[in-house]
Structures are given as structure tokens and as C-alpha cells.
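Here are my notes on the model, point by point. Please read them with the structure open.

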Amino acid sequence: MKKALKWVGITILLLVVVPLMVVIAVNAFDEPLDPKAASYGEARAPAVPEAENGYYALLALGADDGADGAAYAKAWVAEARAAAKDNRMEKRAEPKRAKRPAVCDSAQASCLAVARAKPDEAKAQLDAHKEDLERHEKLIAYKRYEEVLDFPQRVVTGLPALAPVAGAQKAHLLRAALAAEAGNLDEVLDAVERDMAFQRAMLEGARTLIGKMIAAAAYTRDLAFIADVMRSRGAELAPQAPRLREMLKPINAAALRLSPALETEFAFGKSLLRNPVANQGDDGRQAAFAERLGVKLFYKPNATTNLAYRQLVAASAAAEAPAHRVAAEFLAAGQSSGEMGLWDYVDNPVGNILLRISAPSFSEYALRLHDLDAYNRLLGLRVEMIGAGVGAEGAADFVAKSEPRFHDPYTQKPMRWDAEKKRIYFEAKGSFSKRRTDGVEGGRVFIAL
């Protein structure tokens with residue numbers, strides 16, 4: 001019996017204790033922190049002066065009803081800075097805003113049809129959005145935009161109130177739809193032109209992923225609204241072709257870049273990578289003993305931070321690829337975060353598992369921006385057709401001979417022509433575009449002649 005117990009003890013020692021001690025020993029020594037990872041995502045002052053920065057006007061849209069929006073925006077930024085400096089949760093009061101009625105979303109439905117069918121209801125909705133519309137007008141008057149991130153970003157860093165931003169823009173376009181139904185095309189184009197100019201500035205200056213996507217969604221609504229006007233009043237737009245051509249000029253390469261936003265994404269989680277069981281809230285909750293012990297014995301903060309940095313840099317490089325290569329580039333970049341090998345369970349197992357379960361795929365965001373570029377090109381091509389007086393009869397030849405700036409960025413060939421349905425279109429690659437319900441069918445983003 002004693003001999004049997006002895007061999008059981010030896011077996012446990014060889015199969016459990018010794019390997020465990022080896023794993024603990026391997027994880028006792030961390031690697032040096034890569035200086036590039038240490039500086040990546042660090043706070044820096046915005047390049048846009050406060051007086052010229054539309055970010056404050058965007059924040060102002062979340063202010064209480066009747067409040068001073070500019071004062072609210074400055075206080076919002078001041079609290080974000082103070083909370084980061086003191087490493088505490090941000091203290092913000094619940095907004096005191098009356099509930100606004102939902103208005104037409106031009107990316108999902110024809111706002112011209114809504115204005116035509118229910119003009120009185122549309123006017124009542126605009127009355128409820130009166131203050132937001134005034135704030136939106138101030139917002140789109142700005143020529144420059146950049147989020148203020150001159151303080152350390154954390155997992156608990158607050159985001160601006162974004163629902164009022166989207167709601168105000170939808171109301172702005174609904175008001176333009178009423179003007180279109182009244183025959184005021186100059187007023188319509190002025191409203192959309194000013195909105196598009198700001199959304200382009202926001203796309204280019206956004207340093208957060210959410211900011212980039214909010215601008216992309218808003219610009220999509222602008223494009224969808226123009227497409228709506230083209231469908232219903234194409235013949236009347238011929239004299240406006242030069243103006244529309246300028247509105248739909250190619251989107252700047254900087255506006256399509258994800259790299260600045262991905263750097264900020266890294267900044268949000270950087271402090272968590274230093275210690276994933278650190279208390280992040282004001283509720284005093286501490287991680288369980290087993291969690292803290294696991295991190296103490298099997299987690300390398302520097303190695304994890306370095307790996308996360310390399311993954312973000314690879315994702316950034318993939319996002320910089322042209323539209324026709326972006327999917328393949330992301331597939332290649334994602335190979336480093338696939339299945340874990342045996343050594344991954346030995347060397348920094350907690351860090352390797354953490355990055356695999358928490359690291360998002362950013363390919364969808366890149367495709368969303370390329371879809372936006374393709375949509376802008378599609379409408380630009382339609383404007384050229386309107387200006388040249390080309391209808392369905394000459395569409396196939398005109399599209400086939402179109403300039404490269406109007407080509408489908410995914411195929412690098414001319415947009416496609418559907419003779420049966422009399423549509424020019426491209427195949428969307430991002431799920432956001434495919435989910436749209438107006439001007440999209442079976443993944444094809446189109447405009448009908």
C-alpha cells in the first residue's frame with residue numbers, strides 16, 4: 001500500500017507539479033516593453049485649435065434642453081481630463097432632454113416620400129427637434145474637426161452623447177426633403193452641401209473608431225438623400241451638375257484611413273493590459289483571489305502589450321490596403337491571433353487567451369469606409385450622366401467608358417449596369433451597407449435611372 005501511494009505521489013509530481021513549476025518559472029520573467037508600444041496611443045494635444053474645432057459643437061448637441069451648449073462642451077472635456085488625471089470614473093449628470101420623435105432616416109427610406117405623404121407630421125417632428133437643428137447648424141459651420149484626447153484614454157473613458165448627433169442630422173435632411181417637395185432645389189442643395197462638407201471634415205479628423213463610424217453613417221445618409229433627389233427630380237438637376245460634381249468629388253485618402261482610430265483603440269485598453277484585474281470602478285469590487293493569482297503567476301504585462309501592439313499595427317497596415325486587397329490583407333494579418341499552440345499555453349497563457357477573446361476584427365470598419373467611397377463614386381457617375389443628358393438608352397456605353405475615378409474600387413473596373421432594372425450599381429462588401437433598406441438589394445448598392 002505504501003509503495004503504491006509512493007508511486008502515485010511520484011506520478012503526480014511528474015505529471016502536475018513539475019510541469020506547473022516549469023510554467024511558473026517561464027512566466028516569472030517578462031520581456032522588455034517595446035518603446036513603440038509604450039508610446040503608441042499616448043495622449044497628445046489636438047492639432048486643431050479649440051475655437052476652430054467642431055468637436056465642441058458636436059458635444060454641445062448632448063446638452064440639456066435650453067442649456068448653453070458651448071459651456072456644456074467645455075465642462076464635458078474638463079471632466080474627462082480631471083477623471084483621467086485622478087484615475088476615477090467620470091461624474092456626469094443624467095441629461096435633461098425631452099424625448100424627440102424618430103424622424104426619417106434617408107439611408108433606410110425615402111425622406112422625400114415621407115415629406116410628400118405626411119408633410120404636417122414631418123413639420124411637427126421638426127418642431128420637436130428645433131433646438132437640435134439650431135445646434136446642428138452651428139456644428140456644420142465648422143471646417144475642421146478633431147476629438148480632444150489630450151488625457152490618458154482608459155476602458156472607462158466616457159463617449160459623447162451620439163444619439164442627439166444622429167437625430168439632429170436626420171432632422172436636417174427631413175427639413176431639406178420638405179424644401180424639395182416645395183420645389184426649392186437651391187435650398188436643398190445648400191443644406192446637403194454644408195452637411196457633407198462637415199461630415200468629410202469629421203471623417204478626416206476623427207481619432208476614435210466611434211467618431212469615424214458616426215461620420216461615415218452621416219455621410220451615407222447625405223449620399224442616400226442625394227440619390228433620392230436624383231431619382232425623383234433628375235431632370236431638374238441638370239443645371240446643378242457642376243455644383244453636384246463638386247459635392248461628390250473623390251473622398252480624401254485621409255478620410256478613409258483607420259490608423260488614427262485604431263491607435264486610440266489601443267490606448268483605451270492599454271492600462272488594462274498592464275493589470276487586467278485592476279479595479280476599474282467606484283464600486284470597490286475586487287477581482288477574485290483565483291483571478292489575481294492567475295495573473296500573478298501566468299501573465300506577462302509587457303509581452304501582452306507588445307503582442308497587442310503588433311496585432312494593432314498589422315490591422316492598421318491591412319486597413320491601409322486598397323479596397324480590392326483589404327479583405328485578403330486582414331485575413332493574413334489575423335493569422336497571428338488564430339489557434340493557440342502548445343507553447344502559447346506555457347509562455348504567458350493568460351495574456352495569449354485574453355488577446356484572443358477580446359481582440360475585435362477591424363476589417364468590417366475598413367470595408368464600411370470603402371463602401372462609402374464606392375457609393376460616393378456611384379453618385380458621382382450618375383451626376384456625369386445627368387450633366388451629359390444620358391438616359392437608360394446610352395447608359396451601358398457611358399458607364400463602360402467612365403473615368404477611373406468613377407470605377408468600383410473593389411473591382412477597379414467600371415460600375416455595373418443592370419439593363420433590366422435600369423440601374424447602375426456596385427456590390428457592397430460591408431455589412432452596414434448590405435443592411436440598408438433603401439437603394440440596396442441583394443447586397444447591390446444602386447441608383448435607378
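1. Burial and overall build. Of the chain's 449 residues, 47% count as buried. The model is predicted. The chain has 20 helices and four strands. Its C-alpha trace spans about 100 × 55 × 40 Å along the principal axes. Take the contacts between residues at least 6 apart in sequence: 76% of them join residues at least 24 apart.

2. H10 against H18. Two packed helices are described by the angle between their axes and the distance between the axes. Helix H10 covers residues 209-233, and helix H18 covers residues 363-388. They pack at an angle of about 25 degrees, and their axes lie 10 Å apart. Angles under 35 degrees count as roughly parallel, so H10 and H18 are roughly parallel to each other. Their crossing is left-handed. On the H10 side the contact includes Leu 209, Lys 212, Met 213, Ala 216, Ala 217 and Tyr 219. Also from H10 come Thr 220, Leu 223, Ala 224, Ile 226, Ala 227 and Met 230. H18 contributes Tyr 365, Arg 368, Leu 369, Leu 372, Tyr 375, Asn 376, Leu 379, Arg 382, Val 383 and Ile 386. The residues of this contact divide into 17 nonpolar, two polar and three charged.

3. H14 against H15. How are H14 and H15 oriented to each other? Helix H14 runs over residues 301-319 and helix H15 over residues 323-333. Their axes come within 8 Å and cross at roughly 165 degrees. Angles over 145 degrees count as roughly antiparallel, and H14 and H15 are therefore roughly antiparallel to each other. H14 passes H15 in a right-handed crossing. From H14, the residues in contact are Ala 314, Ala 315, Ala 318 and Ala 319. They meet Val 326, Glu 329, Phe 330 and Ala 333 in H15. The contact residues of H14 with H15 divide into seven nonpolar, no polar and one charged.

4. Aromatic pairs. How many aromatic pairs does the structure hold? There are seven. A pair of aromatic rings is described by the distance of the centres and the angle of the planes. One of the pairs is Tyr 55 with Tyr 56, which is edge-to-face. Their centres are 6.2 Å apart, with 75 degrees between the planes. Tyr 55 is buried, at a relative accessible area of 4%. Tyr 56 is also buried, at 11%. Phe 362 and Tyr 365 form a tilted pair, 6.3 Å centre to centre and with 40 degrees between the planes. Phe 362 counts as buried, at 7% relative accessibility, whereas Tyr 365 is partly exposed, with a relative accessible area of 28%. Tyr 365 is also one of the H18 residues in the contact with H10.

5. Aromatic cluster. Tyr 55 and Tyr 56 belong to one aromatic cluster with Tyr 145 and Phe 198.

6. Around H9. Helix H9 covers residues 185-205, and Thr 208 lies in the loop between H9 and H10. Is Thr 208 buried or exposed? At 7% relative accessibility, Thr 208 counts as buried. Leaving aside neighbours within four places in sequence, Thr 208 is in contact with Glu 147, Leu 149, Ala 261 and Thr 264. Leu 185 lies in H9. Leu 185 counts as buried, at 9% relative accessibility. Residues up to four places away in sequence not counted, Leu 185 touches Val 229, Arg 233, Glu 236 and Leu 237. The C-alpha atoms of Leu 185 and Glu 236 are separated by 8.6 Å, although these residues are 51 apart along the chain.

7. Positive phi values. Most residues other than glycine have a negative phi. Two residues to check here are Asn 348 and Lys 422. Asn 348 has a positive phi of about 60 degrees. It lies in the loop between helix H16 (342-346) and helix H17 (349-358). Asn 348 is buried, with a relative accessible area of 4%. Lys 422 has a positive phi of about 55 degrees. Lys 422 lies in the loop between strand E1 (416-418) and strand E2 (423-427). At 40% relative accessibility, Lys 422 counts as partly exposed.

Technical notes: Residues numbered from 1 in each chain as written. Predicted model: local features only at pLDDT ≥ 70, side-chain atom pairs only at ≥ 80, totals over all residues. Heavy atoms only, no water. Axes fitted to C-alpha atoms, helices over the stretch in contact; angles between N-to-C directions. Helix = DSSP H or I, 4+ residues; strand = E, 2+ residues; numbered from the N terminus. Parallel < 35°, antiparallel > 145°, perpendicular 65-115°, else oblique. Left-handed = near helix turned anticlockwise from the far one by under 90°. Contact = heavy atoms within 4.5 Å. Nonpolar A, V, L, I, M, F, W, Y, C, P; charged D, E, K, R; others polar. Phe/Tyr/Trp six-rings, centres within 6.5 Å; stacked < 30°, edge-to-face > 60°. Buried < 20%, exposed > 50% of the residue type's maximum accessible area, 1.4 Å probe, protein only.
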